[in-house]
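Subject: the structure to look at

Hi,

Here is the structure I said I would pass on to you. Have a look at it first, then read on for what turned up.

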Amino acid sequence: GQDRVRGSAQIWLARYLDEVTTRVRAGENRGKTLVNHHVVTGLIRLPNWTGGASTVETKPINLAPGEGCAILVQEPDQGAILGAAACPKPHKNQ
């Protein structure tokens, strides 16, 4: 929580694919199909969180069908994830 953080925390926007299906072509799992969910395809560093209530603005995020994003708040130097939230899904009429 906020009382554990000294200084600032990093904020990331993670883009991901909802589902990725991979057909295994070699090895002991050859011929099998693997399904992975929420496969991260990119990370964008946003301004640091410095404690307390704050607002961070981003450029508009254009998500393709089957793609999503989440905001992560993380302790510095690849530390613990302090908080996460999925990006709101766009309205169908946009």
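First, a definition: two strands pair if DSSP finds at least two bridges between them. Strands themselves are DSSP runs of E with at least two residues, while helices are runs of H or I with at least four residues, and both are numbered from the N terminus. With that in hand, strand 3 (residues 67-74) is joined to strand 4 (residues 81-86) by five bridges, and the two run antiparallel.

Before going further, some housekeeping. This is a predicted model, so keep in mind that local features need pLDDT of at least 70 and side-chain atom pairs count only at pLDDT 80 or more, whereas totals for chains, interfaces and linings use all residues. Residues are numbered from 1 along each chain as its sequence is written, and side-chain values use heavy atoms, with hydrogens and water left out.

**The overall picture**

The protein has zero helices and four strands, and from the N terminus on its elements read β-β-β-β. Of its 94 residues, 18% count as buried. Buried means under 20% relative accessible area, exposed means over 50%, and partly exposed is in between (1.4 Å probe, protein chains only). Among contacts (heavy atoms within 4.5 Å) between residues at least 6 apart in sequence, 61% join residues at least 24 apart.

Strand 1 (residues 9-23) pairs with strand 3 in the antiparallel sense over eight bridges.

**The hairpin and two positive phi angles**

Strand 3 and strand 4 form a hairpin with six residues between them. D77 is in the loop between these strands and has a positive phi of about 60 degrees although it is not a glycine. Is D77 buried or exposed? Its relative accessibility is 73%, so D77 counts as exposed. H38 also has a positive phi, of about 55 degrees, and is not a glycine either. H38 lies in strand 2.

**The disulfide**

Which residues does the disulfide join? The structure holds one disulfide (a pair of cysteine sulfur atoms within 2.5 Å), and it joins C69 to C87, with an S to S distance of 2.0 Å. The pair links distant parts of the chain: C69 is in strand 3, C87 is in the segment after strand 4, and they are 18 residues apart. The torsion about the S-S bond of C69 and C87 is about -125 degrees, so the disulfide is left-handed. Both C69 and C87 are buried.

**E67 and T41**

E67 lies in strand 3. Because its relative accessible area is 13%, E67 is buried. Leaving aside neighbours within four places in sequence, E67 is in contact with R15, Y16, L17, D18, T41, N62 and K89.

T41, from that list, is found in strand 2. T41 has a relative accessible area of 47%, so this residue is partly exposed. With the neighbours within four places left aside, T41 is in contact with R15, Y16, L17 and E67. T41 and Y16 are 25 residues apart in sequence, yet 5.1 Å apart in space, C-alpha to C-alpha.

**A charge over a ring**

Last one: the charged end of R45 sits over the ring of W12, 5.5 Å from its centre. To count, NZ of Lys or CZ of Arg has to be within 6 Å of the ring centre and within 35 degrees of the ring normal.

Cheers
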